[in-house]
Amino acid sequence: MTKVKTLEIRNLHVSVEDKEILKGIDLTVNENEVHALMGPNGNGKSTLLAAIMGNPKYTVTEGTITYDGKDVLSMPVNERSVAGLFLAMQYPQEIPGVTNSDFLRAAMNVRSEQPVSLFRFIKAMESTINELQMKEDLAHRFLNEGFSGGEKKRNEIVQMKMLKPSLSMLDEIDSGLDVDAIRLVGDAINALREETGMSVIVVSHYERFLELIKPQFTHVLIDGRIAMSGGPELAEKIDSEGYDWIYKELDIRPAAQAESQQRRVTSIGTCAVRETVKAAGK
Amino acid sequence: MTPLRLNTDVLLKEGYSEYDIDSDRDLELTFRGSGKCDVFVRITRADHIRIRTFTSENAEVSILFWNVSETPCEFDESHDVAENGKLTIAYGECNAAATKRRTYTSLRGRYASALVSSASLVSDRKNYSMNVVNFAPHTSGEIRNYAVVLKTGVLTIDAIGRIVKGAKRAESHQTSRALSFEEGQKSTILPELLIDENDVQASHAMSIGRMDEDQLYYMMSRGLTPQMCTTLISTGYLMPITEVIDNDELRETLRNEMERKIGELCSM
């Protein structure tokens with residue numbers, strides 16, 4: 001019987017380049033739970049996941065994150081990973097010169113006392129590649145280099161399957177995937193959950209993906225705060241009705257709207273100048 | 001491995017051969033190749049060496065100079081390639097000692113080609129001046145440098161491709177890349193193309209920079225320590241140099257040597 005691992009976030013404030021994105025988040029994720037983060041773009045979903053993983057671009061200005069009783073914020077990124085946290089990124093990096101297999105073996109070796117035997121590694125890699133229907137030469141290709149958007153996303157899941165984290169965060173893992181690939185990825189996540197009791201925090205705009213991995217909890221992030229929490233019915237309601245009813249009910253506005261209005265004004269101005277210059281040139 | 005201790009004129013045999021330079025005196029070495037020759041030269045110890053190579057008509061010569069000397073070395077080199085000859089010269093420089101190298105490659109006959117390339121793990125002074133000159137039509141020259149510059153390293157590369165008048169349809173290309181992991185390292189790369197003929201193709205690409213922060217974050221998010229990331233990236237950057245010689249066993253040996261060296265130096 002393994003100990004229950006819990007992620008606890010209290011009053012989390014996070015800034016990017018002095019702009020406060022998260023304005024006090026409280027969230028508890030227990031083992032075996034699946035939480036969906038919803039909310040309009042630009043309201044802090046990805047920021048929350050990045051802050052938990054420790055992306056150096058995001059500064060935590062206030063609050064705490066603990067996992068399994070340990071202070072996550074004091075750990076460097078690699079230690080957070082070894083502690084069991086995993087982030088499937090929205091935009092996975094390309095690393096030329098480093099093969100997928102060298103990378104993954106190194107990542108597996110840091111979390112075991114003895115180095116993983118080559119034979120066991122190859123077996124595990126082959127079956128995972130099959131499961132996610134990746135090309136057979138994946139192991140020898142450079143990490144994400146020249147991969148299509150969908151391949152990159154599936155490669156994140158390959159890594160997740162190999163590293164077996166206890167808490168996975170999936171940042172729009174389903175975007176860029178076709179219907180069949182979404183099913184493959186969903187099945188792979190469910191299989192790993194069954195095997196290890198992994199908990200999941202998922203950011204997704206697609207009901208189809210959420211239907212597959214069945215979150216028990218839904219949280220709606222608006223302007224850096226969790227505006228509303230509920231069960232799966234909340235995700236369904238948002239899927240059919242959008243967010244407007246929440247803004248009305250709580251009398252709040254999302255962060256992105258004000259910004260995009262400003263941007264639009266700028267772009268018209270630029271276009272107007274361009275038109276004027278063009279006209280003057282004639 | 002054949003030792004080279006005295007001034008020697010080496011007639012390269014077909015296929016694979018290997019030599020070891022271990023000398024504390026000035027040396028003059030000449031290599032002549034007339035078939036398909038794969039040559040590995042380990043530099044265990046050297047002071048000042050003058051190296052000349054001659055690649056005959058239709059010959060295909062590849063030489064990898066692997067510098068493991070613990071003391072500073074100086075090289076003066078000239079390489080001649082005759083009509084339709086193909087020369088590949090490669091330098092593996094992962095040793096923690098200074099190197100000064102001047103190399104001058106002449107593409108003498110029509111359709112001669114040369115690739116001069118280096119892979120350096122720089123923890124001391126590495127100073128290269130590389131010239132490749134197209135003297136004849138349809139010749140093709142390329143300079144390719146990859147370097148990882150560590151804390152104590154200073155890298156200077158002068159890469160010069162020259163095409164003389166009358167060398168029609170000649171090609172001159174070069175790529176030089178230096179990667180560092182921390183602030184404060186010093187790299188200077190000067191790419192030059194001197195072209196006196198109109199009907200040619202030439203290009204150069206150059207980059208000097210620190211390792212990408214996003215890449216580092218990505219790799220660390222899978223549990224790799226910063227040092228492991230540095231080692232993996234450096235190995236990926238420098239390893240292709242070992243592919244110059246068509247010999248799997250040698251490649252494996254050099255790969256292990258390089259990984260060990262990178263691990264050692266990157267952890268300092």
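Let's start with contacts in chain B between residues at least 6 apart in sequence: 71% of them join residues at least 24 apart. Contact here means C-beta atoms, placed from the backbone, within 7 Å. This is a predicted model, so local features need pLDDT of at least 70, side-chain atom pairs count only at pLDDT 80 or more, and totals for chains, interfaces and linings use all residues. Residues are numbered from 1 along each chain as its sequence is written, while chains are lettered from A and ligands numbered from 1 in the order in which they are written.

Next, the makeup of chain B. It has three helices and 17 strands. Those are DSSP runs, numbered from the N terminus: helices are H or I, at least four residues, and strands are E, at least two. Along the principal axes, the C-alpha atoms of chain B fill a box of roughly 55 × 45 × 30 Å.

Now the sheet. Eight strands of chain B form an open sheet, ordered 2-4-6-8-10-12-14-16, with parallel pairing. Two strands pair if DSSP finds at least two bridges between them. Which strands stand at the edges? Strand 2 (8–11) and strand 16 (186–195) of chain B do; each has a single partner strand, so one side of each is left without a neighbour in the sheet.

Look inside the sheet. Strand 10 (residues 99–107) and strand 12 (residues 125–134) of chain B pair in the parallel sense over nine bridges.

Last, the contact between chains. Chain A gives 23 residues and chain B gives 17 residues.

Technical notes:
Two residues are in contact if their C-beta atoms, placed from the backbone, lie within 7 Å.
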